[in-house]
Amino acid sequence: MSGWIKRLEYGFREDFSAFTARWCGALRLGPAPLPRLSRQKRKEYDQVPCPFCRTWKAVRFRQTADIVQCARCSVVYLRTRKKPEILNQLYQRYADAGSHMALPRTRDEAARSGLRRDAFLAEILEFTPPGGQLLDIGCGWGAFLLGARERGFQPMGIEITQRAARYANQELSIPVVTTELLETSYEPGSLQVVTMLHVLEHLPQPQAVLAKVLRILRPGGLFAGIVPNIESFCSRAEGERWFWLDPHYHYVHYSLRTLAHHLAGAGFRTERLYTALGDYSLQRLQEIAVATHPELNQRAAFEAWRRKIEADQQGEEIRFFARKPDLDVGYQPRQAWHEIPAIRTGSQPGDLR
Ligand SMILES: [Zn+2]
């Protein structure tokens, strides 16, 4: 028996769909059964294999929804999910008042919006000079593109929320189309920068999208973005209640390793990859931390702990900066996904590795 367990621990999990629980080391064997859907639900929901390796072999990752972890590539994904066309209707509400993507009411509000993510734009400029075409996929009403234009880029956007796209076109004079990326006809090798800020996790076909992004970028062009981190402190601590779990809109949940793996698989060379607290409120983080570590009620102790969480790459979001290689032939990733050090694990019963 012990020899068999060792085999599982050392990389045969795709053969067995077997995982060891982080907390107690117990083995969990067998695939997560596919939920049966009523005829009514089948009209609204799709059931899908891993969006990257197409295998159905998966184990349960969360209980709130049919969220599973692929037994082959370890990516976490929503296996039973609303059909994209149904979700597209829901996305039309994103521009409404009360939504985090609500349209600004004044020019001044647009100019000061946190959705501009000026710090992220500044980081992009560490990798590429301004001046070329920058395409923001899922650009909302164009906040980020507004900043990109001010910094010298030629901004372009894709946005499925019609009202948001109209605002960018009419109020900001930024060209934004409502066509899905896979349906667009950008010239191959033409774009300097492509960005996706909290978008990649929403896409039903991430593999095809990554391939298309690579194709339309010019050699050496930059692909940069942000996704939630499924291995963050709060994801582990809050489990089913984690804010970014969002079991309607979020189809795929990445970790540093799975994101690096799939970026490399698509042909990108990852230049920088790290986690940050991001949009998660500091106050919420402290509440969650204090629940298990009461001493973190003290401001100094909390600050030190928070810095450690980020140093340990357990921040709530992952920021990535990847480049299309200059040479299409003979390219080797500078850092393969398995060379990225394993994420230090928390102690969360039921977590899977
Ligand atoms: Zn997979």
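How many bridges join strand S5 (residues 67–70) to strand S6 (residues 76–78), and do these strands run parallel or antiparallel? Three bridges join S5 to S6, and the two strands run antiparallel.

**The model as a whole**

This is a predicted model. The chain has 353 residues, and 38% of them count as buried. Its secondary structure comes to 13 helices and 15 strands. Take the contacts between residues at least 6 apart in sequence: 68% of these join residues at least 24 apart.

How far can the prediction be trusted? The mean pLDDT of the chain is 84, and 83% of the residues reach 70 or more. Two stretches fall below 50. Residues 1–17 stay under 50 in pLDDT, and the model gives them 19 contacts beyond four places in sequence. Over residues 341–353 the pLDDT is also below 50, and this stretch has 30 contacts beyond near neighbours in sequence. Where pLDDT is low, the predicted coordinates should not be read in detail.

S5 and S6 belong to an open sheet of four strands. The order is S4-S5-S6-S13, with antiparallel pairing. Strand S4 (58–62) and S13 stand at the edges. Each has a single partner strand, so one side of each is left without a neighbour in the sheet.

Tyr 77 also has a place in the largest nonpolar core. That core holds 72 residues, and Tyr 77 and Ala 168 touch the most other members. Beyond four places in sequence, Tyr 77 is in contact with Cys 50, Pro 51, Val 68, Cys 70, Tyr 251, Val 252 and His 253. Another core, of ten residues, lies apart from the largest one. Among its members are Phe 233, Leu 285, Ala 289 and Ile 309. In soluble globular proteins, nonpolar side chains tend to be buried together.

**The seven-strand sheet**

A second open sheet has seven strands, in the order S10-S9-S8-S11-S12-S15-S14, with mixed pairing. Strand S10 (176–177) and strand S14 (269–276) are the edge strands, and each pairs on one side only.

| Strands | Sense | Bridges | A bridge pair |
|---|---|---|---|
| S8 (residues 133–137) and S9 (residues 154–158) | parallel | five | Ile 137 and Ile 158 |
| S8 and S11 | parallel | three | Leu 134 and Val 193 |
| S11 and S12 | parallel | six | Thr 195 and Ala 224 |

The chain crosses from S11 through H9 to S12, and this β-α-β crossover is right-handed. Why is S11 called largely enclosed by the rest of the structure? Six of its seven residues are buried, so the rest of the structure largely encloses S11.

**Helices against the sheet**

Helix H9 (residues 206–216) has buried residues at Pro 206, Val 209, Leu 210, Lys 212, Val 213, Leu 214 and Ile 216. The elements covering them include strand S11 (191–197), S12, strand S13 (252–253) and H11. Note that S13 is also an edge strand of the four-strand sheet.

Helix H11 (residues 256–266) lies across strand S12 (217–228), S14 and strand S15 (317–323). H11 runs at about 160° to S14.

Helix H7 (residues 143–150) is mostly covered, with six of its eight residues buried. These are Ala 143, Phe 144, Leu 145, Leu 146, Gly 147 and Ala 148. After H7 comes Gly 152, with a positive phi near 105°.

**A loop residue: Leu 203**

Leu 203 lies in the loop between S11 and H9. Is this residue buried or exposed? Leu 203 counts as buried, because it has 21 C-beta neighbours inside 10 Å, and the cut-off for a buried residue is 20 or more.

Which residues does Leu 203 touch, not counting those up to four places away in sequence? They are Val 209 and Tyr 251. Val 209 is one of the buried residues of H9, and Tyr 251 is also in contact with Tyr 77. Leu 203 and Pro 84 are 119 residues apart in sequence, yet their C-alpha atoms are 8.7 Å apart in space.

Terms used
Residues numbered from 1 in each chain as written. Predicted model: local features only at pLDDT ≥ 70, side-chain atom pairs only at ≥ 80, totals over all residues. Core = buried A, V, L, I, M, F, W, Y, C linked by C-beta atoms within 7 Å. Buried ≥ 20, exposed ≤ 12 C-beta atoms within 10 Å, placed from the backbone. Contact = placed C-beta atoms within 7 Å. pLDDT = per-residue confidence, 0-100. Pairing = 2+ DSSP bridges. Axes fitted to C-alpha atoms, helices over the stretch in contact; angles between N-to-C directions. Right-handed = clockwise from strand over helix to strand, strands pointing away.
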